[in-house]
Amino acid sequence: MLVLTKEIHEAIKAHGQASYPFEGCGLLLGQVEPGKNMVQQIRPMENVWPNEAEKPIRFSIDPNAWQQVELEAMVAGLDVIGIFHSHPDDVPVASPRDLAWASWPGYSYLITQVLNSQPTYSQSWQLSADRSGFIEEEIVETD
């Protein structure tokens with residue numbers, strides 16, 4: 001289960017909208033509790049995928065920027081607990097490309113659909129322990 005506030009979810013959607021027509025991306029920071037990834041902060045990141053023409057269907061996060069966020073999170077008593085990204089003009093379902101790049105079972109992979117530049121809804125996924133596919137996880141939005 002992924003738990004996040006409405007305000008954080010809206011900020012994720014806004015990042016997807018601002019990144020349109022490219023995939024927007026970022027990191028979910030928070031705490032892991034039994035059966036729950038509790039999002040407390042996000043870090044929108046730049047999509048640094050090297051081929052501009054592929055950015056509507058691919059994203060990459062600069063590893064040095066990711067490492068910096070991990071260090072900042074650690075100092076704040078938080079962990080990177082997942083990744084968010086947008087699917088411009090496509091459903092928010094984890095794709096074969098997402099599976100090929102996913103590395104961490106236990107992370108939440110939150111995907112937001114951005115349709116005609118407007119964010120619509122999100123779905124969240126967890127990588128199965130054997131890394132063979134994704135399992136949808138419930139999103140709980142709090143006040």
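Analyst: Start at the hairpin of β5 and β6. Two residues lie between its strands, and Asn 116 there takes a positive phi near 50 degrees. Strands are DSSP runs of E with at least two residues, helices are runs of H or I with at least four, and both are numbered from the N terminus.

A word on the source. This is a predicted model, in which local features need pLDDT of at least 70, side-chain atom pairs count only at pLDDT 80 or more, and totals for chains, interfaces and linings use all residues. Residues are numbered from 1 along each chain as its sequence is written, and side-chain values use heavy atoms, with hydrogens and water left out.

Back to the strands. β5 and β6 (residues 118-127) pair antiparallel over six bridges; two strands pair if DSSP finds at least two bridges between them. Leu 110 has Ser 124 in β6 as its bridge partner.

β6 also has β7 (residues 134-137) as an antiparallel partner, joined by four bridges. Gln 126 is bridged to Ile 135 in β7. These two strands form a hairpin too, with six residues between them. Arg 131 sits in that turn and has a positive phi of about 60 degrees.

Now the rings. The whole structure holds five aromatic pairs. Rings of Phe, Tyr and Trp (its six-membered ring) pair if their centres lie within 6.5 Å; planes under 30 degrees apart are stacked, over 60 edge-to-face, the rest tilted. Trp 66 and Trp 104 make a tilted pair, 5.3 Å centre to centre with 45 degrees between the planes. Trp 66 lies in helix α2 (residues 63-75) and Trp 104 in the loop between α3 (96-101) and β5 (108-115), so the pair ties together parts 38 residues apart in sequence.

Trp 66 is buried, at 12% relative accessibility. Trp 104 is partly exposed, at 38%. Buried means under 20% relative accessible area, exposed over 50%, and partly exposed in between (1.4 Å probe, protein chains only).

Last, the setting. The protein chain has three helices and eight strands. In order from the N terminus, its elements run β-α-β-β-α-β-α-β-β-β-β. Buried residues make up 43% of its 143 residues. The C-alpha trace spans about 40 × 35 × 30 Å along its principal axes.
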